[in-house]
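Here is a briefing on one protein chain.

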Amino acid sequence: MPAGLCLLLALPFGNPTAQESQLPTIGGAGGGLISGKLESDIGEQVMISIRRSTPRITDPLVYDYLTAIIYRLVPSAPLQDRNLTLTLIDNPGINAFAVPGGIVGVNGGLFLSAATEQQFASVLAHELAHLSQRHFARRMEQQEANAPLAMAGMIAGIILSAATQSDIGIAAIAGSQAMAVQNMLAYSRAHEQEADRVGLDILANAGMDPRGMPEMFEILMRENRLQGNRVPEYLSTHPLTQSRVSDTLNRAEQYPKKTIGDSLEYHLIRSRLQARYTSSPQVAIDTFEAYLEKSNPARSEAIRYGLAVAYLRNNQPEKAINLLQELLEQQPERITFQVTLAEALLGNNQIEEARKLLKSALGRNPGNYPISYQLAETELAAGRGSAAAQLLKDLTRDMPKQEHLWLKLADAEGLARNIVGVHRARAEYDVLMGDLEAAQRQLRQAQEKLSAGSPERQIVTERLAEITRRLNSRRNG
């Protein structure tokens, strides 16, 4: 596959700013190519392809942090639709993307490359800026594309090739079509400059340091020089020049200077992922122990936490427990420490201790995703399927597009011997995977096991009717 196809994707939608009058009319009464509904359809198809083929991180702690930082930025972004779907790609490369329909994705490796939270946030702000300016839709209109939805498969193929660093995505794209999409995804200098400027405003208005953006650009350029002929994925669609770096730096300097420190949480998550991406758990232990010897006091908590995670990955839960208990003594309300300690206790077969810790933490933080999920895992380990299922039902209600939660719920319902619940959970998983026929079969099986007139049967029947309508619509083109 050409190097240019192993890329970051970053695509777009709406913007109610003063610049709006300069934008072409896209969708709606103006007759443009890309309506909001069509963007949503493209996004749904791309997300199905990602779920099916791309390795992803489902770690609730990492996801929870990403959600928090995105939604810190979103109020400052001129988006028409702020209903976003977040996905974490399990890849150590530098990459992030935003796809029509509100999908925002981040490679785990972005955490490793961005030394500060401000640098990390600058990439997300830049992607939100592309979305707000609807750069993808504007390029499609310029090129007078005839079948925008057909682009979804090719877009997904490009993401898959980048995420897996293989040719897995080639089946979705071919020849001149691939190059046409690549040209469309590679932003013009004007679009990049516009996204830089809007992104700087997003950062500043969100209370973050705009100087993180030129700093991140310098990291990308350095990475580009180190890789030689292999262009980093992010730069494949975001061409970066020294003049652009200089322009961004000059613009960042025009904002009021403030001392804005990173959150501890960013560096905890960064350490967690560093432990994940080292070549082996033992190498991670050696690395964090070396860091401790020359530790910056401001980073010592994150280093000790990373060492605890490395011990846990190396099947040494006792050592992890000792470190995490020390960290919790200093910050007893830190959810990341509580959840990871519970994980270590569970790994050490101290199930009741983990359960007690998590129940107490959940009482103080009702509905918290990482706590709830780890408690569900603990209940499953204890054989309490019904308790785990209730926790997971609450999570699927709040995060219905997280397919791994539906699979876990199916496991819990199976343990609780609730066969109808298994079918219903599996059906929702199948929908997210794009397999409506399988979802239909699951719901029919659930329907057969329920008595006529029961409230649950009515719910299942209504959902089955909805899935059938979608399936018929798909079959009829």
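A helix crossing is called left-handed if the near helix is turned anticlockwise from the far one by less than a right angle, and right-handed if clockwise. This is a predicted model, in which local features need pLDDT of at least 70, side-chain atom pairs count only at pLDDT 80 or more, and totals for chains, interfaces and linings use all residues. Residues are numbered from 1 along each chain as its sequence is written, and side-chain values use heavy atoms, with hydrogens and water left out.

**The chain as a whole**

- The protein chain has 23 helices and 3 strands. Helices (H or I, at least four residues) and strands (E, at least two) are DSSP runs, numbered from the N terminus.
- Of the 477 residues in the protein chain, 54% are buried. Buried means under 20% relative accessible area, exposed means over 50%, and partly exposed is in between (1.4 Å probe, protein chains only).
- Take the contacts between residues at least 6 apart in sequence: 70% of them join residues at least 24 apart. Contact means heavy atoms within 4.5 Å.

**The sheet**

- Strands of a sheet pair through backbone hydrogen bonds, either parallel or antiparallel. Here, two strands pair if DSSP finds at least two bridges between them.
- The 3 strands form an open sheet with mixed pairing, in the order 1-3-2.
- Strand 1 (85–89) and strand 2 (96–99) each have a single partner strand, so they stand at the edges and one side of each has no neighbour in the sheet.
- On average, neighbouring strands of this sheet are turned by 15 degrees against each other, direction ignored.
- Strand 1 and strand 3 (residues 103–107) run parallel and are joined by 5 bridges. In this pairing, Thr87 stands opposite Gly105, and Leu88 stands opposite Val106.
- Strand 2 and strand 3 run antiparallel, with 4 bridges between them. Phe97 has Gly105 in strand 3 as its bridge partner.
- Strand 2 and strand 3 form a hairpin with 3 residues between them. In the turn, Gly101 has a positive phi of about 100 degrees.
- How many residues of strand 3 are buried? The count is 5 of its 5 residues. Ile103, Gly105 and Asn107 lie on one side, Val104 and Val106 on the other, and both faces are covered.

- Two packed helices are described by the angle between their axes and the distance between the axes. Axes are lines fitted to C-alpha atoms, for helices over the stretch in contact, and angles run from 0 to 180 degrees between N-to-C directions.
- Helix 16 (residues 335–347) and helix 18 (residues 369–381) have axes that come within 10 Å and cross at roughly 15 degrees. That angle makes helix 16 roughly parallel to helix 18. Angles under 35 degrees count as roughly parallel, over 145 as roughly antiparallel, 65 to 115 as roughly perpendicular and the rest as oblique.
- The crossing of helix 16 and helix 18 is left-handed.
- Residues of helix 16 in this contact include Ile335 and Leu346. Those of helix 18 include Pro370 and Ala381.
- This contact of helix 16 with helix 18 has 7 nonpolar, 3 polar and 2 charged residues. Ala, Val, Leu, Ile, Met, Phe, Trp, Tyr, Cys and Pro count as nonpolar, Asp, Glu, Lys and Arg as charged, and the others, Gly among them, as polar.
- Helix 18 also packs with helix 20 (residues 403–415), at an angle of about 30 degrees and with the axes 11 Å apart. The crossing of helix 18 and helix 20 is left-handed.

**Helix 22 and helix 23**

- The axes of helix 22 (residues 436–448) and helix 23 (residues 455–475) come within 9 Å and cross at roughly 155 degrees. That makes helix 22 roughly antiparallel to helix 23.
- The crossing of helix 22 and helix 23 is left-handed.
- The residues of the contact of helix 22 with helix 23 are 8 nonpolar, 4 polar and 7 charged.

**A buried histidine**

- His130 lies in helix 4 (residues 117–132).
- Is His130 buried or exposed? His130 counts as buried because its relative accessibility is 0%.
- His130 and Glu194 are 64 residues apart in sequence. In space, they are 8.1 Å apart, C-alpha to C-alpha.
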